[in-house]
Amino acid sequence: MSRENSLVTAQWVEDNLDTDGIVLIEVDEDTTAYDKGHIRGAIKLDWTTDLQDQVRRDFVNKEQFEALLSERGVANDDTVVLYGGNNNWFAAYAYWYFKLYGHQDVKLLDGGRKKWELDSRELTDEATSREKTSYTASEQDSSIRAFRDEVVAAIGTQNLVDVRSPDEYAGRLLAPAHLPQEQAQRAGHIPTAASVPWSKAANDDGTFKSDEELKQIYTEAGVDWDKDTIAYCRIGERSSHTWFVLKELLGQDNVKNYDGSWTEYGSLVGVPVTLGDERGDA
Amino acid sequence: MCGATEGGLSLDGVNVAKEAVIQGQVLRGGADGGGEPVGNAYVRLLDRSGEFTAEVPTSATGHFRFFAGDGEWTLRTLAPKAEPVDTKVVAATGSVAEVQVLVSA
């Protein structure tokens, strides 16, 4: 993949609002943001209800994903353009999710909702309706999703990239600071993980930095480009943002997102945890 | 540093004793009643090294809230057609730091 194939500008989106075959989808942490105003023609996916199994902690299965996209009017050959708040955290999560189920043509709106708003571009509360489709998903692509046993096995052998804020990495905070801090799991990080906050990859307006800048950031943080990489955060959304950078913008092979992330790892019995700003030993 | 000020964001449902809350309002044009609330601003919380920690959009009334940790933080406010504004704030567990951010008119 490359920047040209996976990222579009706000201007491109504005110029293509009426182009057939392009489906704009908003995905936000604040699932009410869309209802207050969205880009004209965009539909909404709710990451808590549409994309999660409502009983077990896991994603909706292939059949459920097919039913969801069919009902919302997304076709297999549509170009899906995702955007959202929080510098595209959940839009990047949805991007990774669409790739997991094999959608071919997915793009992120660079800068997401924030860039769109800071540019004073138009938002509407007009409802969007699309004709139903018959969507067919692929089996999950396990080459981009990491599970806990692989993560434990990766300590000291693969690149582990912790993309949370430095205070969460060190164990001084347990959640991003716009959320209450009381949590069940232990604080800290996976031993040997490099701390590269997701935000290092983004400019203040939410757009991604240049490929040269990005490459330098991860190199300086100790990412070995010859090794496989697993990115994680707290629940797998910020690490989707970093997965997007490493896999789709920089074209690295073998990059996985660990969606269990710290809320799973920090609750596991018997696994090693490192506290403080140092990476820790294997 | 003080408790929730009159007219500030409601703390209903927040366990203030266990959180280091930073909250406030973004205004355009003037302080203390003279400014208009900015409902489409973004406030980011930077740690003492200047690293991004969190970001929230303001509410329709220009309000925002963070659950930080003890220590000194910087709020960086981005609003349409205004220069970014940095505001230093000190947070402590068990208290609420109230901040008013003014962006250029």
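**Exercise 1.** How far apart do the C-alpha centres of domain 1 of chain A and domain 2 of chain A lie?

*Solution.* Start with the bounds. Domain 1 of chain A covers 3–118 and domain 2 covers 148–265; such bounds come from an automatic or database domain assignment. Their C-alpha centres lie 22 Å apart.

This is a predicted model: local features need pLDDT of at least 70, side-chain atom pairs count only at pLDDT 80 or more, and totals for chains, interfaces and linings use all residues. Residues are numbered from 1 along each chain as its sequence is written, while chains are lettered from A and ligands numbered from 1 in the order in which they are written.

**Exercise 2.** Find which element gives the most to the side of domain 1 of chain A that touches domain 2 of chain A.

*Solution.* Count contacts (C-beta atoms, placed from the backbone, within 7 Å). Here 18 residues of domain 1 of chain A meet 16 residues of domain 2 of chain A. Helix 1 (3–6), helix 5 and helix 6 of chain A each give two or more residues to the domain 1 side. Helices are DSSP runs of H or I, at least four residues, numbered from the N terminus. Helix 5 of chain A gives the most, with eight residues.

**Exercise 3.** Describe the side of chain A that touches chain B.

*Solution.* First, the count: 22 residues of chain A are in contact with 22 residues of chain B. Next, the elements. Helix 5 (85–100), helix 6 (112–118) and helix 8 (166–170) of chain A give two or more residues to this side.

Key
Contact = placed C-beta atoms within 7 Å.
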